[in-house]
Every structure is written in C-alpha cells, then in structure tokens.
Amino acid sequence: MSTALHPLVARARHLAEEVLAPRAEHVDQQGVPTSHIEAIKESGLLGATAPVAYGGSAAPAAVVRETAEILAGACCSTWFVQTQHHTPVKTLVDGELPVRERLLRPLADGELLSGVAYSHLRAFPRVPVRVTRESGGLRFDGRVAWYTGWGLNDVMLLAGVTDENEVLFAFTEARERPGLRPSPPMRLAALTAARTVSLELSGLWVPEEAVALRTSYEKWAAVDRPKTTNASPAVFGLAHAALQILEESGDRDAKETGRALRIRLDRVRREAYALADHSVPHEYIEERLAYRTQAYHLMRAATTAAVVTGGGRSMALGNRAQRLAREGMFLLVQGQTAETRAAHLASLAVSASV
C-alpha cells in the first residue's frame, strides 16, 4: 500500500483540511484548543507506531513521516503538542517493564495524551534533573527547562539521571502538585500556542512501577544521537505549505520560484528519508547532518519567498506566510544539540562565503 492510500494518511489529510488549517492563524494567537486535541485523539494518529494488539496501527515509517508532514504544514503548534506523544509510545513498545501493560493501550488508542520531559538529558554531563531512590520509589529534583502541552497532556514521560549516571524514565500525571510546579506559560516568538512551560521539581515522588526505561547514559545517548541528526518531517511539511502559497498566488515569478524550490526540496526529502531508513542508524552521520541542514535552508527559502510574495500583507499577525516563517524559525532550534548546531552554523558559513 502506498502512503497516499494508507488510512492514517487519509485521516491526517482530513484533519488538516477540515480542522487544523482553517483555524491555524487563530490558534497561533489564542493557543491550541482542547477540541484540536480531542480530534487528534479520535483520529487514531496517536497510535500510529503502536502494535495492533494494543490498539495501534503499526504503520511503516514512511506513513508516520507523511502524517507528520501533513499536520505540521497545517498547524505546527498542534503538530508539536501531539508529536511529543510518540516518544512515550515507542518507549513502551520497546520496553518490558510492568508500566507497558498499564499504559500502552490507553496511549495507543487515544484515551490518554502524553508529553515528554527529557531533552535536558542532552546537557550531560550537566544534570538538570537528578533522580534518587526514596521510599520504594523515585525522587526527582531539578528543573525541566521546556515542557510542551501543559494543560493538554494527561501524563508525561519524565527523565532524570542518578548519581551512578543511570538514566531513568518514568510516567507521572501532568498536573501541578507537591514536588511539581509549572511556570506561567512561556511567551515565545513562535508556537506560544503549544503551551510550553518549565517545571520545577522539588522532591517529586514517583512509584517504582511507573518506570518505563532504565539504562546507562551512554546507551541512551547512542540511541538518541541518530534521531537528532536526521531531517525532521515537520521541516518538509512546513516548506511545502509555504510553497503552496506561491503556487496559489497568481504571480508568475512566485510560481516559477516555487517550482524551482520544490524540485530541490523533493530531492533532499528523498535522500534524507533514505538515510533515515538505513538499517544502521548510527552510520552516515555527516550525510544525515548535511541533508538536515539543506532541508533547513530550503524551508527558510520557501517561507521567505512566501513572505516576499505577500508583500506588506505578510506583516499582519493573521497572515499565513508570516506564521509559517515564525514556525520555521522555531524548527531551526527544535531538537537542537551541540552537534546539529555546529553542522548548521558551518553550513551557513559556507553559504556566506560563496
């Protein structure tokens, strides 16, 4: 079955066209509504990678990427809230601890939406969140700098590091209580709508049976690294949304620019996804980073072209082109590590010297 015929792709397109895209500018200014989250939950997209036996679809990677492109191009804020959910699902699918049987089905069938609080692990050897064992469970202390979907998520997958440099991931409710205090929602240049906060952890206690993953930092980092070096489907989705503006503009120069950019974007997309599908995820790191940065450059070119095509109208907050341009700025730093930042800056230096 081609991705275009897959039921999840059809559902994503329907959701994008009927629910997300028509309200994207309003959501950008007012925040992701619970109605969007309910629509996502009902769509079956939250269980895309989960086993069928647990209420999921066990969809191939190409389908998962295409649905991400569709959602990100329609409403990047809603995409960003729901994309957090797929890491907790994969963690449970790959794990064998008791929490798998308790949470995998409700996460896969859309009963629950999960957020993630683990990007701080990439700061190692600095440890923003420390875990210690206490009273038959785990105590979390520290600060989570970024947590997306506050007030929309039901649970979160929270990570920390022990004194022995062991990484622990555990599920806990996504609500304020003793030991867990959220900041006010952050006002950001883009994706304020995704309801991002920081979390102060001061003795947050989580029962042992909530642990979903326990491993050494070195093993976790080896698995995490290839994820950040691959190009994000959201970048391609956003770029295609910007190119659509050029195609629909009625301006001949804009259409010609759009056609030229689309040819280059489709080539980079093919090559980047071929590497993402490679059987050894930690090989071809330099090539992965190169295609990732090329995708960024083309996304920025596409969103800039959309703004230029709109002229002064693009400066209105309710304008689609400037929203896409701001969302593109966000994607430049989303999931950024020291390695991806260095590769991106090096690529920009080379471009500037040409």
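Start at the interface of domain 2 and domain 3, where the rule turns up zero salt bridges; a salt bridge here is a side-chain nitrogen of Lys or Arg within 4 Å of a carboxyl oxygen of Asp or Glu. Keep in mind that this is a predicted model: local features need pLDDT of at least 70, side-chain atom pairs count only at pLDDT 80 or more, and totals for chains, interfaces and linings use all residues. Residues are numbered from 1 along each chain as its sequence is written, and side-chain values use heavy atoms, with hydrogens and water left out.

To get your bearings, colour domain 1 (3-109), domain 2 (114-216) and domain 3 (230-352) separately; the bounds come from an automatic or database domain assignment. The centres of domain 2 and domain 3, taken over C-alpha atoms, are 31 Å apart. Four residues from domain 2 and six residues from domain 3 make the contact (heavy atoms within 4.5 Å).

How much area do domain 2 and domain 3 bury between them? About 450 Å², with 76% of it on carbon and sulfur atoms. Buried area is the accessible area (1.4 Å probe) that two parts lose on being put together, summed over both. On the side of domain 2 that touches domain 3, you'll find three nonpolar residues, no polar ones and one charged. In this count Ala, Val, Leu, Ile, Met, Phe, Trp, Tyr, Cys and Pro are nonpolar, Asp, Glu, Lys and Arg are charged, and the others, Gly among them, are polar.

## A helix pair

Next, select helix α8 (residues 217-229) and helix α11 (residues 285-310): their axes come within 8 Å and cross at roughly 35°. Axes are lines fitted to C-alpha atoms, for helices over the stretch in contact, and angles run from 0 to 180 degrees between N-to-C directions. Helices (H or I, at least four residues) and strands (E, at least two) are DSSP runs, numbered from the N terminus. Show side chains for Arg-225, Thr-228 and Thr-229 of α8, then Ile-285, Arg-288, Leu-289 and Arg-292 of α11, which make the contact.

- Select Lys-90 and Asp-94: they form a salt bridge, with the closest N and O atoms 2.5 Å apart. Both sit in helix α6 (residues 86-94), four residues apart, about one turn of the helix.
- Jump to Phe-124 and Pro-125, joined by a cis peptide bond with omega of about 15°. Pro-125 is in the loop between β1 (114-117) and β2 (129-134).
- Finish at Asn-165, not a glycine, yet with a positive phi of about 60°. Look for Asn-165 in the loop between β4 (155-161) and β5 (166-173).
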